[in-house]
Amino acid sequence: LPTHSKSSPPCLSSYTATVVDTMSNFGGMTSGANVARAARMADNFAIADAGVKEGGILSATAKWHEQQSIRTLSKSIARSRDKEEIASEQSCAAQEMLARRAQRLKELFDAENKQYQMELAEVGLVMEDPQF
């Protein structure tokens with residue numbers, strides 16, 4: 001029977017060492033071979049369970065990091081969209097303001113021109129129309 005060596009993985013249970021010691025007390029009889037095999041299988045299952053647990057932790061960590069990078073990317077995309085939207089709104093507002101200002105200036109000029117023509121008409125004068 002194989003003995004418990006120093007190069008064995010650290011997660012092997014003490015059950016294997018106990019089985020090996022017990023079998024050596026019986027003089028190495030083959031009747032304990034099934035018990036030793038069961039102990040090795042239990043150790044292999046313990047190693048596999050530890051690997052599964054470690055893999056689960058690594059998977060959860062990787063998923064968390066992936067979600068963080070997606071959120072960061074989403075936030076930067078949202079920020080750039082917000083900046084573009086703000087710039088577009090500012091541009092539209094500036095164009096609207098210029099159009100309103102031009103309309104008000106035209107209305108003001110027309111009102112002042114009409115008022116000036118009325119004042120001239122009161123004194124009997126007429127303004128020459130540039131179209132003719």
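**Figure 1. Surface of the whole chain.** The protein exposes about 11,400 Å², and carbon and sulfur atoms supply 59% of that area. This is a predicted model. Of its 132 residues, 7% count as buried. The fold contains 2 helices and 0 strands.

Figure 2. Mean pLDDT for the protein is 80, with 76% of residues at 70 or more. Residues 1-8 fall below 50 in pLDDT. Even so, this stretch has 7 contacts in the model beyond near neighbours in sequence.

**Figure 3. Helix H2 from end to end.** H2 covers residues 33-122. The helix has 90 residues. Its first and last C-alpha atoms lie 131 Å apart, close to the 134 Å expected at 1.5 Å a residue. Two salt bridges are found in the structure. One of them joins Glu96 and Arg100; Lys106 and Asp110 form another.

**Figure 4. Buried positions of H2.** Which residues of H2 are buried? They are Ala36, Ala39, Asp43 and Leu120. Each therefore has a relative accessible area under 20%, the cut-off for a buried residue.

**Figure 5. The Glu96-Arg100 salt bridge.** The closest N and O atoms of Glu96 and Arg100 are 2.9 Å apart. An α-helix has 3.6 residues a turn, so residues three or four places apart point the same way.

**Figure 6. The Lys106-Asp110 salt bridge.** Here the N to O distance is 3.7 Å. That value lies within the 4 Å limit for a salt bridge, so the pair counts as one. How many residues separate Lys106 and Asp110 in H2? They are 4 residues apart, again about one helical turn. Asp110 is partly exposed, its relative accessible area being 38%.

Figure 7. Gly124 follows helix H2. Its phi is positive, near 90°. Leu120, one of the buried residues of H2, belongs to the helix itself.

Note on methods
Residues are numbered from 1 along each chain as its sequence is written. This is a predicted model: local features need pLDDT of at least 70, side-chain atom pairs count only at pLDDT 80 or more; totals for chains, interfaces and linings use all residues. Side-chain values use heavy atoms; hydrogens and water are left out. Buried means under 20% relative accessible area, exposed over 50%, partly exposed in between (1.4 Å probe, protein chains only). Accessible areas come from the Shrake-Rupley method with a 1.4 Å probe; for residues, only the protein chains shown count as cover. pLDDT is the predictor's confidence in each residue, from 0 to 100. Contact means heavy atoms within 4.5 Å. A salt bridge is a side-chain nitrogen of Lys or Arg within 4 Å of a carboxyl oxygen of Asp or Glu. The expected span of a helix is 1.5 Å times one less than its number of residues.
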